[in-house]
Amino acid sequence: MLLNYQLKQSSKHETVNKSEIIFIIHGLFGSLSNLSSLGKELQNNFDVILVDVRNHGQSDRSTTMTYQEMANDIFEVADSLNIDTFSILGHSMGGKIAMTCALLQPNRINRLVVADIAPTSHVDRHSDVFTGLQAVSNSNVKNRAEADTVLANYVETPEIRQFLLKSYQRGDNGFRFIYDVNNLYKNYSLIRDWPEQHNHYDKPTLFIKGELSDYIDQASQQSIITLFPNAKLKVINATGHWLHAEKPKTFNRLVMNFFAQ
């Protein structure tokens, strides 16, 4: 599947080496705009490609969402642009896609950044979210404020509702989510799973964890070491799973320092 993407060319026109391209992949319920502030900073020195994952944003819809399929989507974008090698950064589900890319075709990935996710299966954390999103979709709400009122019956945290409703946008037939709630729900067991891997990626890798998040726990660190033996782990204090939104300056600095090495 050829994903919707935005190519942000480096402001330094002498940056023409294709290996200096960085793909940025958002997480579940997100879109390519989620990490746009990081993209702007990286654009000072690199070409940056932000993508909408399948069933998100302006990308096509699909009834299947295996990690191999979603990784192949990234390679299809790269191939369409005649990009041989590139670096890649992903948050949450996007981090699992990025890791899968590195493990499937390690020769094509120069550097890897994974934001607050581990190469393991994760427990169900979104049952209430899906119920709330389906309630909004099935309600006759006319704007985001009304949608927020409905969603608040299922999702208590205002910041999470604000993120989920960022993608609730006006279209030709009224407001709708720009991610496919039904397809995401049908594939949720695959999204929170992690396929068995028989390869490893030994190039420079950075995992960034939110201190208050448990998506990377002590048990999962052995999987990280096994699959990514050259990985380093950085922790952002007093930060949860949405570390790039909660502490953007710190997050962006860690990423910039990694790619500057």
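In which sense do E1 and strand E3 pair, and over how many bridges? E1 and E3, the latter being residues 47–51, pair in the antiparallel sense over four bridges. Two strands count as paired if DSSP finds at least two bridges between them. Helices (H or I, at least four residues) and strands (E, at least two) are DSSP runs, numbered from the N terminus. Within this pair, Tyr 5 stands opposite Val 51 in E3.

Before going on, the ground rules. This is a predicted model, in which local features need pLDDT of at least 70 and side-chain atom pairs count only at pLDDT 80 or more, while totals for chains, interfaces and linings use all residues. Residues are numbered from 1 along each chain as its sequence is written, and side-chain values use heavy atoms, with hydrogens and water left out.

Now the whole sheet. It is open, has seven strands in the order E1-E3-E2-E4-E5-E8-E9, and its pairing is mixed. Strand E1 (5–8) and strand E9 (231–236) are at the edges with a single partner strand each, so one side of each has no neighbour in the sheet. On average, neighbouring strands are turned by 15° against each other, direction ignored.

Two helices to show against this sheet. H3 packs on it and touches strand E2 (21–25), strand E4 (86–91), strand E5 (109–115) and strand E8 (205–210), with its direction at about 150° to that of E4. Helix H11 (residues 248–260) also packs on the sheet, touching E2, E4, E5, E8 and E9, and its direction makes about 160° with that of E5. Axes are lines fitted to C-alpha atoms, for helices over the stretch in contact, and angles run from 0 to 180 degrees between N-to-C directions. Contact means heavy atoms within 4.5 Å.

Val 113 sits in strand E5. Is Val 113 buried or exposed? Its relative accessibility is 0%, so Val 113 counts as buried; buried means under 20% relative accessible area, exposed over 50%, partly exposed in between (1.4 Å probe, protein chains only). Leaving aside neighbours within four places in sequence, Val 113 has contacts that include Ile 88, Leu 206, Val 255 and Phe 259. Asp 116, in the loop between E5 and H4, is not a glycine but has a positive phi of about 50°. Asp 116 is also buried, at a relative accessible area of 0%.

On a 1 Å grid over the protein atoms alone, a cavity is a set of points where a 1.4 Å probe fits but cannot get out; a pocket is an open set with protein on both sides within 12 Å along at least five of seven lines; lining residues have an atom within 4 Å of a point. Grid points are joined across faces, edges and corners, and a volume is the space filled by probe spheres set on the points.

The largest pocket holds about 920 Å³ of space. It is lined by 35 residues, of which His 126, Ile 160, Phe 163, His 241 and Trp 242 are the closest to its centre. H6 gives the largest share of this lining, six residues.

There is one cavity of 30 Å³ or more. The largest cavity has a volume of about 50 Å³, and its lining includes His 26, His 91, Phe 163 and Trp 242.
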